[in-house]
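These are my notebook entries on one structure. I set down what I looked up, in the order in which I looked it up.

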Amino acid sequence: MPDSLPPDSVGLVEPQTLHFDEPLALASGQTLPHYDLVVETYGTLNADRSNAVLICHALSGHHHAAGYHSLDERKPGWWDRCIGPGKPIDTNRFFVVSLNNLGGCHGSTGPTSTNPDTGHCYGPDFPVVTVKDWVNSQAHLADRLGIKQWAAVVGGSLGGMQALQWSLSYPDRLRHAVVIASTPRLTAQNIAFNEVARKAITSDPEFFDGRYADHNATPRRGLMLARMVGHITYLSDASMGEKFGRELREEAYKFGYDAEFQVESYLRYQGERFSETFDANTYLLMTRALDYFDPAYDYDNNLAAAMSQARCEFLVLSFSTDWRFTPARSEELVNAMIAARRKVSYAEIDAPWGHDAFLIPTPRYEDIFTAYMDRVAREVQQ
Amino acid sequence: MRADLEIIEKWIQPQSHVLDLGCGDGTLLDYLQREKQATGFGLEINPDHITTCMGRGVSVIEQDLDIQGLGNFQDRSFDVVLMTQALQAVRRPDIVLDEMLRLGRECIVTFPNFAYWRLRWYLMRRGRMPESETLPYKWYNTPNIHLCTFKDFEALCYRKNIHIMNRTVVDSEHRYRWFNRLWPNMLGQIAIYRITR
């Protein structure tokens, strides 16, 4: 945290927990009898409640998207570079809502919450939730906040899938969907990487079939490995080369198997830090939600038929070096929207950082995002 | 609005579904959306133009005709496919024309006439590749790699069984002049063709 709050920051923010008593029927057939959602909001809801923007988070994200929780906080929220006064999602004009999704481990009901049936934490008994389920829970959140229609639903990666699902599940409840660095479905390679991550977790002796909390254990090594392999897929060969090259931590080879290259120690550090803060069951759940997302499935695998349900306008953005969800995946989505005669704009942004580029504003990314959101805001004011 | 766009606009029915190849800053599509309740998309590769389109609510797709083609669009999916001042700049104008006519019921194409008398005179007098206000480039840096004359274009249409519904010949400011009708291939600078198959 800097000595003073930057002028383009939303400043100090406080999360709030909203409790929902109406049961939520899930895609799996199970039901959550009641649940909590942790939410942060930035900006002010206008009189006719038409300026609300929903932010959907990605795999390891949460409700803290912008600003600082305290003056001691080292870093602001995960998308602070895009949310704030004068930023692409301008909090002078929009009322921004950001939540931790169900199944998460940052305060919303998930595997670490207490199971009302047993009095113990859910652990592996927490039901598998899907993108559709999340969107349904977000619709209840919108009801609670008195928001009939979002000005926009915005998300990157897994968050983009939620924005897309909103357009299909609740076509009349959003005017724009901004789908960044996302895909209409995972490829076999994407699922394969998820499987490696899950296998790393489930084969950790400290995993105890997901009941590690009952054993006062944490599958740290598994989570660390899962994050390390995941992290590789978020970066690009070029950006890793730029950042680390073949740089060694010490001057000469030591002819052993400890972390000798800088990239090794970086990955280990990222993995370790993640394993201390993230829940293993949540990681399994989030990767499964990714695997299952496939809106075309309900329409004989015809994505255009699925997209013809949508009523909102779309902005789709991809990044040139993203090999996790490549520009070709975004183009597949855009072509389905074109065939369905939906309003869609698309650009492939040249950026070296691979999948992570959606978190890092470049001049073109910022220009496009700002221009589009400015138009969304102008519609609100009319 | 640019004068050629004013001419084109008259040939587009209300509520048409339009594809504009090389839509620039989206002026025409914006006008058609507002005044004629048209829908549709623009294709563009210039980043600033793309941003402008997005900011004004014109649906724009970043797509390079020469690299990606138009294979991602379905047969007969548009009422009108437009291309203003870009036919001479694509790698294969003949294939682009076929593709346009595959996608649209009607197509509107504009391009500069290389047989305009000033260009002929420039070449004859100086023996150098002509430069003009419509074609302000050197031979080595021009984007206009497939310049043609009205006669050339019409010969291609004849060979491809493309029916020319309308043709308007104008000067570089896109004004009608009486002499353009008299001897278009000599006196006209820019042609606006409305074609179908």
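Entry 1: the contact between the chains. I began where the two chains meet and noted that 21 residues from chain A and 20 residues from chain B take part in the contact, where contact means heavy atoms within 4.5 Å. I then looked up the buried area, which is the accessible area (1.4 Å probe) that two parts lose on being put together, summed over both. Between chain A and chain B it is about 1700 Å², and carbon and sulfur atoms give 54% of this. Ile338(A), Arg341(A) and Arg364(A) supply 30% of the area that chain A buries against chain B, more than any other three residues.

Entry 2: the basis of the values. I recorded that this is a predicted model, in which local features need pLDDT of at least 70 and side-chain atom pairs count only at pLDDT 80 or more, while totals for chains, interfaces and linings use all residues. Residues are numbered from 1 along each chain as its sequence is written, chains are lettered from A and ligands numbered from 1 in the order in which they are written, and side-chain values use heavy atoms, with hydrogens and water left out.

Entry 3: chain A as a whole. I found ten helices and twelve strands in chain A; helices (H or I, at least four residues) and strands (E, at least two) are DSSP runs, numbered from the N terminus. The radius of gyration of chain A is 21 Å, close to the 21 Å that the globule rule gives for 382 residues, so chain A is as compact as a globular protein of that length. This radius is taken over C-alpha atoms, and the globule rule is 2.2 Å times the number of residues to the power 0.38. The C-alpha trace of chain A spans about 65 × 50 × 50 Å along its principal axes.

I noted next that 55% of the 382 residues in chain A are buried. Here buried means under 20% relative accessible area, exposed over 50%, and partly exposed in between (1.4 Å probe, protein chains only). Of the contacts in chain A with a separation of 6 or more, 71% are between residues 24 or more positions apart. Chain A exposes about 16100 Å², and carbon and sulfur atoms supply 49% of that area; accessible areas come from the Shrake-Rupley method with a 1.4 Å probe, and for residues only the protein chains shown count as cover.

Entry 4: chain B as a whole. I counted nine helices and seven strands in chain B. The radius of gyration of chain B is 17 Å, close to the 16 Å that the globule rule gives for 197 residues, so chain B is as compact as a globular protein of that length. Along the principal axes, the C-alpha atoms of chain B fill a box of roughly 50 × 35 × 30 Å. Buried residues make up 54% of the 197 residues in chain B. The accessible surface of chain B is about 9800 Å², with 51% belonging to carbon and sulfur atoms.

Entry 5: positive phi values. Phe255(A) is in the loop between α5 (237-243) and α6 (262-277) of chain A, and is exposed at a relative accessible area of 76%. In chain B, Gln37(B) also has a positive phi, near 50 degrees. Gln37(B) lies in the loop between α2 (27-36) and β2 (39-44) and is partly exposed, with a relative accessible area of 44%.

Entry 6: Pro295(A). Is Pro295(A) buried or exposed? I found Pro295(A) to be buried, at 6% relative accessibility. Pro295(A) lies in the loop between α7 (280-292) and α8 (303-307) of chain A. Leaving aside neighbours within four places in sequence, the contacts of Pro295(A) include Leu164(A), Leu168(A) and Pro184(A).

Entry 7: Glu366(A). I located Glu366(A) in helix α10 (residues 363-381) of chain A and noted that Glu366(A) is partly exposed at 33% relative accessibility. Glu366(A) and Arg81(A) are 285 residues apart in sequence, and their C-alpha atoms are 9.6 Å apart in space.

Entry 8: Met165(B). The C-alpha atoms of Met165(B) and Thr196(B) are separated by 7.0 Å, and the two residues are 31 residues apart along the chain.
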